[in-house]
Structures are given as C-alpha cells and as structure tokens.
Amino acid sequence: MTAASAPPERRTRAIRLGPRSWLALVLVSAVGVAGFGWPFLAPPESALNAHAQDAPWLFAGLLVLLVAVVAATISESGLGPKAVAMLGVLAATGAALRPLGAGTAGLEPMFFLMVLSGRVLGPGFGFTLGSVTMFASALLTGGVGPWLPFQMLAMGWFTMGAGLLPGPDRLRGRAEVVLLAVYGFLAAFAYGTVMNMAGWPFMSALASHIAFSPDASLATNLARFLAYCLATSLGWDLGRAAVTVVLTLTLGAPVLKALRRATRRAAFEAPVTFGDAPR
C-alpha cells in the first residue's frame, strides 16, 4: 500500500471528555443514585421518610444538573456543528420511536437505537444522548412530570453502559452484535428496576405486602421491592428486553455501519497530522 492510499476503514473513536465533563457526570450520577436509593439509605427516623410525598419535587432539580452535563460535554469536547447536529438527529429519531410502542406491553424500539448509539459514540456522548432523547420524547408525548429527571438519568446510564462495553476498537461483526443484544436484554430489566425505585416509595400503603414502609428493616423493604417489581413491571421489562434483542440481532449490523459512517463524516475527532512545529 502506498503512502498516498487510505486504509479501507477508519476506526471511529469515542468523544474524549475533559475533567469538567467527567466531574459533572460523576456528580449527577451520585445525586441520581441518592435520588433513586434514598428509601434504602435513609434511616426510619429520617425526616425524609416523614415527608416522602415531597421527595419527587425535590428530585425534579436533577433536571438542572442533567442540562449542566449536556452543556459541559458539548463545550469541553469541542464538538463541531455537524456533531451537534447529529446529536439532535439521533435524539429526535429516538424520541420518534418511543411513541410507537408506548402503552403496549413495554414494546419500546427506542432502546435498540440507544444501545447501538452508545456503543459507537462512547460513554460520555452516550449519557448525553440518552438523557436528551428521553427529554425530547417527553415533550413529544406529553410525559413531562416529576418522574422525568429519573427517566433521563436511567436512560443516560442505559446508553452510557453500551459505551463502556469491552472491545470498541477490535470487536466487529456477529460477535459484537451478540454482545450488544445480551447487554440490551440485561439493561432493559435494569432500566425497569431502576425506574421502579422512583415510584415504589410513593404507592398507596394499602398494598401492605409490597409497599415501602419507613419503619421496616432494609431486608424487609428489599423483599417488598422485589415483590413489587415482579407484580407490576416484569411483563413490561420482558417485552422491552425481547424487542431490543430482536431488533439488535436483525438490524444491528447495518445500523452500526451507518452510525460509524455518519460519525466519521461528522468529524467527531479531527484527524491527527504530523509536521514540524512552527518556529
């Protein structure tokens, strides 16, 4: 191969995040973990448990932190206008896919797109894309409420996880598609379980065997939470996981190829050139 010839395929590299972007991501994730897990973390005598009905409004402030993550990622990673436009296109596509299965046994094709996008674009851009997509879909479907910051966090983590999978520069072909299908299956259940934690503490106390009890022990509340998940969301999670696996196995290879081609054209990372330093 001559020096002038180009390699047959240029690898697409994930966006490199700066320290402020990583700090914002860690902070919002830490607040998110506290927001989701406070029923298990707060002691029974805590005032938070005594005023549980106010908690969703307090955690709605997470939306502001998520916007900060998006702003830091875009500004510090040096994205060009084409890359920012691609973020908008992918978010709009995911938002448009969500209503197709809304209200139908958890059949949500947007999760398949988020898995593949996170794999191609990396964890930082994946978190941003997942959060923005959920926000856009909420505006599209009228699903804006105190639960929205939790959905944005959960979808951000879901998409970020795909970007953290091993072998982003080496694994290709059927093996990569199978890896993403397995991740999508497991992460679909994880997403449903995490979202259950956002609503479970506020359900009616009449369902005494599965409702959160501020006076119960950690082990008792964990058992109640597991029963709540099995009784209320198992069918939805299974439908979401099945659709994600089927779409990934059937459409994963061409969609991955298209996403990688689009990211190269969007110039997510400027090509490295070598030459004499200016004197």
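Are Phe 111 and Tyr 191 buried or exposed? Both of them are buried, where buried means under 20% relative accessible area, exposed means over 50% and partly exposed is in between, using a 1.4 Å probe and protein chains only. Before going on, a word on what we're looking at.

This is a predicted model, with residues numbered from 1 along each chain as its sequence is written. Local features need pLDDT of at least 70, side-chain atom pairs count only at pLDDT 80 or more, totals for chains, interfaces and linings use all residues, and side-chain values use heavy atoms, with hydrogens and water left out.

**The overall picture**

The protein has eleven helices and zero strands, and from the N terminus on its elements run α-α-α-α-α-α-α-α-α-α-α. Helices (H or I, at least four residues) and strands (E, at least two) are DSSP runs, numbered from the N terminus. The protein has 279 residues, and 46% of them count as buried. Its accessible surface comes to about 14000 Å², with 70% belonging to carbon and sulfur atoms; the areas come from the Shrake-Rupley method with a 1.4 Å probe, and for residues only the protein chains shown count as cover. Take the contacts with a separation of 6 or more: 80% of them are between residues 24 or more positions apart. Contact here means heavy atoms within 4.5 Å.

**Around Tyr 191**

Back to the opening pair. A search of the whole structure turns up seven aromatic pairs, counting rings of Phe, Tyr and Trp (its six-membered ring) whose centres lie within 6.5 Å; planes under 30 degrees apart are stacked, over 60 edge-to-face and the rest tilted. Phe 111 and Tyr 191 have ring centres 5.0 Å apart and planes at 75°, so this pair is edge-to-face. Since Phe 111 lies in helix H6 (residues 110-121) and Tyr 191 in helix H9 (residues 174-199), the pair ties together parts that are 80 residues apart in sequence.

Which residue lies over the face of Phe 111? That is Arg 240, at 5.2 Å from the ring centre. A charge sits over a ring if NZ of Lys or CZ of Arg is within 6 Å of the ring centre and within 35 degrees of the ring normal. Arg 240 is also among the contacts of Tyr 191, and the C-alpha atoms of Tyr 191 and Arg 240, 49 residues apart along the chain, are separated by 9.7 Å.

Leaving aside neighbours within four places in sequence, Tyr 191 also touches Phe 111, Met 134, Gln 151, Ala 154, Met 155 and Phe 158. The largest nonpolar core has 51 residues, and Met 155, Phe 158 and Tyr 191 touch the most other members. Such a core is a set of buried Ala, Val, Leu, Ile, Met, Phe, Trp, Tyr and Cys residues joined through side-chain atoms within 4.5 Å.

**Along helix H7**

Next up is helix H7 (residues 123-141), which holds Gly 126. Not counting residues up to four places away in sequence, Gly 126 touches Gly 118, Gly 156, Thr 159 and Met 160. Its C-alpha is 7.8 Å from that of Ala 162, 36 residues away in sequence. Phe 135 lies in helix H7 as well, with its C-alpha 8.9 Å from that of Ala 91. Leu 139 is another residue of helix H7, and its C-alpha is separated by 8.9 Å from that of Ala 95.

| Residue | Relative accessibility | Class |
|---|---|---|
| Gly 126 | 0% | buried |
| Tyr 191 | 8% | buried |
| Phe 135 | 31% | partly exposed |
| Leu 139 | 54% | exposed |

What about confidence? The mean pLDDT (the predictor's confidence in each residue, from 0 to 100) is 77, and 72% of the residues reach 70 or more. Among the elements, helix H9 has the highest mean pLDDT (92), while helix H2 (residues 47-50) has the lowest (52). Over residues 1-9 the pLDDT is below 50, and this stretch has two contacts in the model beyond near neighbours in sequence. Residues 270-275 stay under 50 too, and there the model has zero contacts beyond four places in sequence. Where pLDDT is low, the predicted coordinates should not be read in detail.
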